Every structure is written in structure tokens, then in C-alpha cells.
Amino acid sequence: CGLTVALKFSALVLSAPPHRPPHFTMTEGPVVIVGAGVCGLTAAMVLQRHEISYVILEKAKQAETEVDVGCGWDISPAVLKVFEKCDLKPQDFMGLYSDMHLLNMSGGLVRHFNCEKDLDNYQSWAVERSTLIKTLRSRVAGEVRYGCAVAGVTEDESGATVQLEGGDSVKGRAVLGCDGVNSAVRAAIGGQALAGTGIQAWWGRAQVQPGSPLADAITKASVEKSKTGTLVWYLGDGSNPGCFMAALDAFGPGSFPWAAYLEGPKAEVTGDAPRQGAIGGVKDNLTARLAGRADLFTQLVAATPGELVYTTHLYERSDPNAPYKSSGGRVALLGDAAHPQTPFKGMAVNMAIVDAFVLGSRLAKQPVVEAIAAYDSEERRKAATHLVEEGRSWGSWMVTSSTFKTWAFRVAAKWMPSKNVIADFIKDDQANMVFLDKALADLGMA
């Protein structure tokens with residue numbers, strides 16, 4: 001169910017250990033990776049481990065790729081397996097969430113979950129966005145070019161070429177589009193356009209002074225003292241629709257990340273707001289829409305500096321089952337460039353990491369066209385499409401103004417068996433595990 005994405009929204013994190021990368025060769029030219037987010041950096045790390053050369057092209061500045069505003073990710077078993085293969089230990093850069101409180105818009109308790117007591121000791125590993133990106137970046141020794149915007153992509157039998165705005169170009173054996181929802185690589189190869197989901201998202205990070213009235217209210221909201229952090233999730237109703245989340249006691253004193261999801265128009269595609277920086281009027285717009293709802297959450301938004309409030313509409317590909325590769329077979333789409341989705345199933349980042357590991361490993365062991373063809377399997381696209389559709393459905397239930405739907409969702413949240421929270425997350429992750437295990441078996445890496 002959609003409760004999982006809230007359960008492990010963010011976590012206390014530690015710094016990554018030092019790592020000495022292996023040497024790598026220039027055989028056949030580099031793999032050109034577009035995008036220096038989690039997906040692109042994972043692909044580079046995997047290629048590097050196999051001594052395959054690469055170059056990363058990133059439109060944004062490095063600091064913009066490491067924005068840390070309300071974005072925490074829950075990490076699935078398949079990704080833990082990937083990290084193990086890459087000698088990354090969860091305890092070195094991730095943390096565990098222990099508690100989640102579901103509240104109504106008046107702040108009344110609907111349900112409390114404790115991972116140790118209620119979820120069969122499930123280890124809810126989660127990581128802060130910037131920490132994961134910095135950890136992966138520390139493992140990447142190859143060339144990363146920031147401030148490089150893609151203008152086009154071409155391919156022939158000898159390789160693929162990325163044309164950059166300004167006239168430069170970079171040629172390699174293959175191009176990996178790891179450049180997110182608004183993928184320039186997808187656009188360049190004639191990929192399907194995006195369609196709005198009717199959901200708008202906001203992120204922020206409140207700055208709260210210890211001992212202040214708001215700090216006291218936050219302490220009161222933590223119904224039971226958690227071991228590592230508390231996630232507070234507000235459930236909407238017919239008169240006060242929406243879905244609001246806030247992480248309490250997770251990132252040290254005084255810093256509280258949050259996210260808000262509300263119904264919105266099926267908007268035209270805009271830029272990637274979290275990378276571009278705050279858009280004027282974002283905080284005022286959200287504050288106006290929060291009037292009369294979730295008092296604690298409203299106070300957290302008020303305590304957030306305007307420059308730390310971001311927004312974007314949520315999108316999908318108009319045809320979720322469209323191919324993840326170019327007609328010539330040397331350009332591939334990964335992560336959100338391939339299967340953009342709402343966050344309500346908690347799978348987007350996990351699918352991106354598995355995509356990057358699988359294709360990076362195949363490129364190290366197989367000819368380019370063969371590797372990309374095996375990556376772009378019908379089974380993978382079918383499984384991804386199912387998750388995209390389920391995520392859209394969950395999102396519509398979470399932000400709806402329908403009195404019946406919001407009532408039904410609160411009833412389900414209150415009475416569903418606790419173990420179903422994790423069982424659903426693990427079931428969703430099976431598509432990742434099957435995709436990963438098949439690649440490991442095909443390549444003799446199991």
C-alpha cells in the first residue's frame with residue numbers, strides 16, 4: 001500500500017567512507033552518461049568497477065544536484081543487494097526509521113506504527129537525498145562535466161554522439177539518459193511526451209529554534225519517543241484534502257524536512273524545480289492552500305525560508321510502455337527518464353539504481369547493442385508500467401477531495417494489518433529483484 005513511502009521518508013545519515021577507485025580503460029571510447037543524479041552516478045560507479053571508461057554530462061551546477069530539501073528515500077531489498085555488490089555498507093551512509101504516526105487534519109492520532117513491534121523487525125533503511133548523491137559521487141573518479149546542457153543526440157554503427165548547447169559534442173560507444181523526468185535525451189531520440197497526473201508536490205525544510213513553541217509542538221506530536229526518528233503523516237478528508245508529511249527528530253535538532261501533495265491541474269511540462277531553485281511565490285501559494293488544515297504542518301511551512309521551498313507538478317510518460325532505447329540501439333533511458341512516476345509507491349529511486357546497475361554491468365560484459373536490448377526487456381517495461389499506474393492510483397486517493405475516498409482511505413490506514421505495510425513494499429520490489437537476478441545470472445555474476 002502507499003503507506004510505505006511515508007514510513008521511511010528520510011533518515012539520520014552518516015558520511016561515506018573513503019574509497020579508492022580502480023583503474024579503467026578507454027577501449028571503444030567512453031560511455032556517455034547524461035545526468036549526475038543518483039541514477040547517473042550509480043551507472044558510472046558500476047562501469048568504473050569494470051574498468052569501463054565514461055564521461056558524465058550534467059546540465060546543473062554541482063551544488064544544484066545536491067539540493068537537500070525534504071527528499072528522503074526508502075531503500076528496497078533489491079537496492080541493498082546492489083549496494084552489497086558495490087561494497088557499499090548501509091550503516092555507513094543510511095539510517096533506520098523506527099516510528100510513523102498517521103494523523104488527521106486536526107492532529108488527532110489515526111494510527112501509530114513501530115518497526116520493531118509492528119513490522120516484524122523490518123529494517124527500514126532510508127537515506128537523505130544529498131547524502132546518497134555525495135556518497136555515490138565520492139566513488140566516481142572519472143570525468144564529470146557540470147553546466148553541460150544537451151541539445152541533441154545522434155547515433156550510427158560506430159557509436160553515439162551528444163551535441164551540447166554551445167556547439168561542443170561528446171562521442172562514445174553508448175549514451176545513457178539518466179537525466180530525470182524532463183529528459184533531454186528522451187526528447188532527442190523522439191521519446192514519448194509527458195502527461196500530467198493532476199498532482200502538485202512541494203518540498204521544504206523548516207528551521208526551528210529549540211525551546212520555541214513550535215519545537216514544543218513537534219515534541220508533543222511524537223506520540224512515543226522513537227529510537228531514530230518519527231515520520232508524521234497527515235491524512236486529508238473531503239473538506240481538507242491533501243497528503244502532508246514531516247520528518248521529526250531525523251536530521252538533528254532544529255531541521256525538519258516536509259512534503260505536501262495536493263490536487264492540481266494536469267499542467268504542461270515545466271523545468272525540474274528542485275534543481276532550478278525556488279520559483280517565485282511558491283511558499284505564498286502553498287500557505288494560501290493550507291489555510292485551515294494541519295496546524296503543525298502549516299507552522300512548519302511558515303518556519304521554512306522561502307529559498308528552501310520548491311514545487312513541481314508530477315508527470316508520467318504518455319505511453320508508459322514506450323521503449324527505453326533508441327531505434328539504433330546505442331542510446332538508453334534509465335530511471336525517471338524511462339519510467340517517471342509519482343512517489344506514492346516508493347519505488348522510483350530504487351528502480352533507477354537497479355536500472356543503472358543492470359545496464360552498467362551488461363555494458364561491461366556484452367556488446368553495446370546487445371546489452372541495451374537485453375536491458376530494454378518487455379518484462380521490465382511491463383512491470384514498470386504496472387507500478388506507474390498503481391502509483392498514480394494511490395496518489396489520486398491521497399489527494400482527492402472525495403468525501404467517500406478520503407473516509408475509505410483513513411479506515412484502511414487505521415485497520416489494515418501492520419505487516420501489510422512492508423509486504424506491499426517488498427512485493428513491489430520483486431520486479432527489481434527479478435530484473436537484477438536475471439542480469440546477474442546472464443553475466444555470471446550471481
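A residue counts as buried under 20% relative accessible area, as exposed over 50% and as partly exposed in between, with a 1.4 Å probe and protein chains only. The model is predicted, so that local features need pLDDT of at least 70 and side-chain atom pairs count only at pLDDT 80 or more, whereas totals for chains, interfaces and linings use all residues. Residues are numbered from 1 along each chain as its sequence is written, and side-chain values use heavy atoms, leaving out hydrogens and water.

**Exercise 1.** Determine how strand 2 (residues 54–58) is enclosed.

*Solution.* Strands (E, at least two residues) and helices (H or I, at least four) are DSSP runs numbered from the N terminus. In a regular strand the side chains alternate between the two faces of the sheet. On one side of strand 2, Y54, I56 and E58 are buried, and on the other V55 and L57 are buried. Because five of the five residues are buried, strand 2 is largely enclosed by the rest of the structure.

**Exercise 2.** Identify the strands that pair with strand 2.

*Solution.* Pairing requires at least two DSSP bridges between two strands. Strand 1 (residues 31–34) runs parallel to strand 2 and is joined to it by four bridges, with V31 opposite Y54. Four bridges also join strand 2 to strand 8 (residues 143–146), again in parallel, and there L57 has R145 as its bridge partner.

**Exercise 3.** Describe which residues of helix 15 (residues 378–399) are buried and which are exposed on the face turned away from them.

*Solution.* The buried residues include R380, A384, L387, V388, G391 and M398. The face turned away from the buried side carries the exposed residues E378, E379 and K382.
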